[in-house]
Amino acid sequence: MRLISTLLLLLLITVGSSSASPTSWRKRVREPCKRLVFYFHDIVYNGHNAKNATAAIVGAPAMANRTILAGQSHFGDLVVFDDPITLDNNLHSPPVGRAQGFYIYDKKDIFTAWLGFSFVFNSTEHKGSINFAGADPLMNKTRDISVIGGTGDFFMSRGVATLSTDAFEGEVYFRLRVEINLFECW
């Protein structure tokens, strides 16, 4: 009788633990451990705005002018940047860090770029960096790129950053809204 009771108890435990639906398990796993929203402001050097510029064209197609983005889709331009990061969409708000990296316009017939950059923080709220890389199909309203690591408060973070163009003025200024969802936090 005792053996039957033990087996029945083990059967109930096994059935009970396997009854959790895969959907509920996935929802728990997919909840971010940290959510952040920042804006970064890119001001491309155009030959006249050296005092305010935060980005410069450092590579361009042969015979191209490195103060003006190339052609219709800027194909072949390589831009490096050191942009302020703010908590709101105001360029004149106090920066909480810097967005530092590069983007390469990588398609001839439509605006797309490949990004590699870091958010570098040294404020009272955050210290360290978050590193990003991925394709940026600029014509899409929102684009996801990978969070591939971090340091300090963001040590070994992994996740997804959703980019959206919040504003742009010609080919000199644009502002991106970056919503970061981290799924690995230490």
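1. Asp-82 and Arg-98 form a salt bridge, with their closest N and O atoms 3.0 Å apart. The term salt bridge is used here for a side-chain nitrogen of Lys or Arg within 4 Å of a carboxyl oxygen of Asp or Glu. This pair links distant parts of the chain: Asp-82 sits in strand E3 (residues 78–86) and Arg-98 in strand E4, 16 residues apart. Asp-82 is partly exposed at 34% relative accessibility, and Arg-98 is partly exposed at 30%. Buried stands for under 20% relative accessible area, exposed for over 50%, and partly exposed for what lies in between (1.4 Å probe, protein chains only).

2. A note on the source of these values. This is a predicted model, in which local features need pLDDT of at least 70 and side-chain atom pairs count only at pLDDT 80 or more, while totals for chains, interfaces and linings use all residues. Residues are numbered from 1 along each chain as its sequence is written, and side-chain values use heavy atoms, with hydrogens and water left out.

3. How many salt bridges does a search of the whole structure find? The search finds five. Among them is the pair Glu-31 and Arg-35, whose closest N and O atoms are 3.7 Å apart. Both Glu-31 and Arg-35 are exposed. Arg-177 is partly exposed, with a relative accessible area of 26%, and Glu-179 is partly exposed at 28%.

4. The protein chain has two helices and nine strands. Helices (H or I, at least four residues) and strands (E, at least two) are DSSP runs, numbered from the N terminus. Read from the N terminus on, the elements run α-α-β-β-β-β-β-β-β-β-β.

5. One disulfide is found in a search of the whole structure. In general, a disulfide is a covalent bond between the sulfur atoms of two cysteines; the cut-off applied is a pair of cysteine sulfur atoms within 2.5 Å. Here the partners are Cys-33 and Cys-185, with sulfur atoms 2.0 Å apart. Which parts of the chain does this pair tie together? Cys-33 lies in the loop between helix H2 (22–30) and strand E1 (34–43), and Cys-185 in the segment after strand E9 (173–184), so the pair ties together parts that are 152 residues apart in sequence.

6. The torsion about the S-S bond of Cys-33 and Cys-185 is about 80°, so this disulfide is right-handed.

7. Val-58, Val-80, Phe-102, Ile-104 and Trp-114 make a nonpolar surface patch of about 360 Å². Patches consist of residues with over 30% relative accessible area and no salt bridge; like charges are joined within 9 Å, and nonpolar side chains (Val, Leu, Ile, Met, Phe, Trp, Tyr) within 5 Å. Ile-104 belongs to strand E4 (residues 97–105) and is partly exposed, with a relative accessible area of 32%.

8. Some totals for the chain follow. Of its 186 residues, 37% count as buried. The accessible surface of the protein chain comes to about 11400 Å², of which 60% belongs to carbon and sulfur atoms. Accessible areas come from the Shrake-Rupley method with a 1.4 Å probe; for residues, only the protein chains shown count as cover. Among contacts (heavy atoms within 4.5 Å) between residues at least 6 apart in sequence, 46% join residues at least 24 apart.
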